[in-house]
Amino acid sequence: MHDGKALQSGTSHNFGDGFAKAFEIQYTDKENKLQYVHQTSWGVTTRLIGAIIMVHGDDSGLKLPPRIAPTQIRIIPIRQQAEGVLDAARDLAAKLQAVNVDYAAGAAQDANRTHSLDLQPIRVKVDDSDKTPGWKFSECEMRGIPLRIEIGPKDLEAGKCVFVRRDTAEKIECSLEDAPAKAAELLVTIQSEMLERARTHRDAHTYEAKDYDEFVKTFNEKSGFVKAMWCGDQACEEKIKEELSVTSRCMPFNQETLADTCVCCGKPAQKMVYWGRAY
Ligand SMILES: [Zn+2]
């Protein structure tokens, strides 16, 4: 997360045969003997929404990645009572709604697995309420809407509008003619840059420790993950948890050898583990 703490996001548990024994869930094996099933549990919960808020949000509120934002673009008319402004805003909204954004373009695609989040029509709304533009801008920010478009009488005269990115606050002028293509391009860019920013943040807050002194020092001085070797003995895990309130977070498939010995007890190491403080 943003503050360097870990969060168990989706759940993945290996139950082994614990529940099978409690509830007598059995099957007959090829030797015709009854065996207990082994179970795993995989789930995605509302906690993932919390993770999105904590990873991407800032002091102005939410920042939602375009792929999952309920509204991706809000058009805010400036001096909306002026002639033609609301009509132009609604006309632009209709044009944007007709655009399908391909978020997976350029990525390696598996023909058998087309994801419903890959190709999406733009979700756009016009804010024609009687609130002031400033109020509308703030609301847009708070709700984490990835893009807002400002359009007023002067813009109309010049045949343009102004995009404002929620993630970077960057303002981009664009002709009304090019606006649909520009909107699609910006949504794809915001999606990938938000992901990249979060990854960079995570990597910049991931450290390595070869011995216990270094391990303790890193956790005392920094927030984030620490990669360190582990012998496989639960006693070391428990000692680390008790002394530092740090738990093992992940044993990655892509293993690295940082040292030959366990960071805690000095016995031969079995695995490289990501450690961290968690919510
Ligand atoms: Zn150990």
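In what sense do β5 and β9 pair, and over how many bridges? The two strands run parallel, with five bridges between them; pairing here takes at least two DSSP bridges, and strands (E, at least two residues) and helices (H or I, at least four) are DSSP runs numbered from the N terminus. This is a predicted model, so to speak with cut-offs attached: local features need pLDDT of at least 70, side-chain atom pairs count only at pLDDT 80 or more, and totals for chains, interfaces and linings use all residues. Residues are numbered from 1 along each chain as its sequence is written.

Within that pairing, Ile73 sits opposite Leu147 of β9. On to the next partner: β9 also joins β10 (residues 160–165), antiparallel and through four bridges, with Arg148 opposite Val164 of β10. Four of the five β9 residues are buried, meaning 20 or more other C-beta atoms within 10 Å of their own, with C-beta atoms placed from the backbone (exposed is 12 or fewer, partly exposed in between).

Ile149 touches Ile73, Ile75, Ile76, Leu92, Cys161, Val162 and Phe163, leaving aside residues up to four places away in sequence; contact means backbone-placed C-beta atoms within 7 Å.

Definitions and conventions. Two residues are in contact if their C-beta atoms, placed from the backbone, lie within 7 Å.
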